[in-house]
Amino acid sequence: MQVVDPYIELRTEPGRGYPLFYVAERGEWIEILKRKTDWFKVRTATGKEGWVNRSQLENTLTEAGAKTTFRDVMLADYLDRRLEVGFGWGQFDSDPVLLMRVGYRLTPNFITELSASQVTSAYSSSSLLQLNLIALPFADQRVSPFFTLGVGSYKNTPKVTLVNSPEISVTAANAGLGVRIYLTRNFMVRGDFREYMVPINDNRVDTFNEWTIGLGVFF
């Protein structure tokens, strides 16, 4: 990238407390070598290597003549991570639900996720194990909406007090949407809405709505 300010200051280490040892003047070309938080190690055309603050680099131009921009360091770290683990709680129709989930980022915009849910009511308990594909059209935004589709198992076990109520164990599908809000380098808060389609028998398909909110951590 090319310096367009009167000058850019190079320091010996990433921090304003370290000595300034070189000044790259307007018109010089510099190359970025690596990043540490908001400090970038650069190399000038003459071979000088030092650390420059992000605020100064954002006033440089690329080879195409466009202004240089840098993604927020926390969001960049987030998109580089692959594994996510989280939990949530909410309502499955009118009953309370708790869930755990593990996700793996396939690309910046797609995540595959396995979730296990437990629903408890006065008359029965239900468990769900679902494998979902999550699509994030705006993955690099701090507030990131998403869409999800999945399939898995649904099992409903009546309480022993109910007479002649059979246990149900079937394959169920779900579709939903939600939002992920990135908090820090390792944590996010997440809200989900899903609709489950559960085939009870050949002539009956029940639908259930699930609302949850939860936390997630990624590695």
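The model described here is predicted. Trp-211, at 53% relative accessibility, counts as exposed.

## Aromatic pairs

Six aromatic pairs are present in the structure. One of them joins Tyr-182 and Phe-218, whose ring centres are 5.9 Å apart and whose planes meet at 35 degrees, so this pair is tilted. Tyr-182 belongs to strand β13 (residues 168-182) and Phe-218 to strand β15 (residues 204-218); the pair thus links distant parts of the chain, 36 residues apart. Both Tyr-182 and Phe-218 are buried.

The rings of Phe-193 and Trp-211 also form a tilted pair, because their planes stand at 45 degrees, with the centres 4.5 Å apart. Since Phe-193 is in strand β14 and Trp-211 in strand β15, this pair ties together parts 18 residues apart in sequence.

## Asp-192

Asp-192 is located in strand β14 (residues 187-201). Its relative accessibility is 4%, so Asp-192 counts as buried. The side chain of Asp-192 makes a polar contact of 2.7 Å with that of Arg-190. Beyond its neighbours within four places in sequence, Asp-192 is in contact with several residues, including Arg-101, Phe-146, Glu-210 and Trp-211.

## Asp-93

Asp-93 sits in the loop between β8 (83-92) and β9 (95-107). With a relative accessible area of 39%, Asp-93 is partly exposed. Although not a glycine, Asp-93 has a positive phi of about 55 degrees. Most residues other than glycine have a negative phi.

Conventions:
Residues are numbered from 1 along each chain as its sequence is written. This is a predicted model: local features need pLDDT of at least 70, side-chain atom pairs count only at pLDDT 80 or more; totals for chains, interfaces and linings use all residues. Side-chain values use heavy atoms; hydrogens and water are left out. Helices (H or I, at least four residues) and strands (E, at least two) are DSSP runs, numbered from the N terminus. Buried means under 20% relative accessible area, exposed over 50%, partly exposed in between (1.4 Å probe, protein chains only). A polar contact is a pair of N or O atoms within 3.5 Å; within protein, one must be able to donate a hydrogen and the other to accept it, and residues adjacent in sequence count only if both atoms are side-chain atoms. Contact means heavy atoms within 4.5 Å. Rings of Phe, Tyr and Trp (its six-membered ring) pair if their centres lie within 6.5 Å; planes under 30 degrees apart count as stacked, over 60 as edge-to-face and the rest as tilted.
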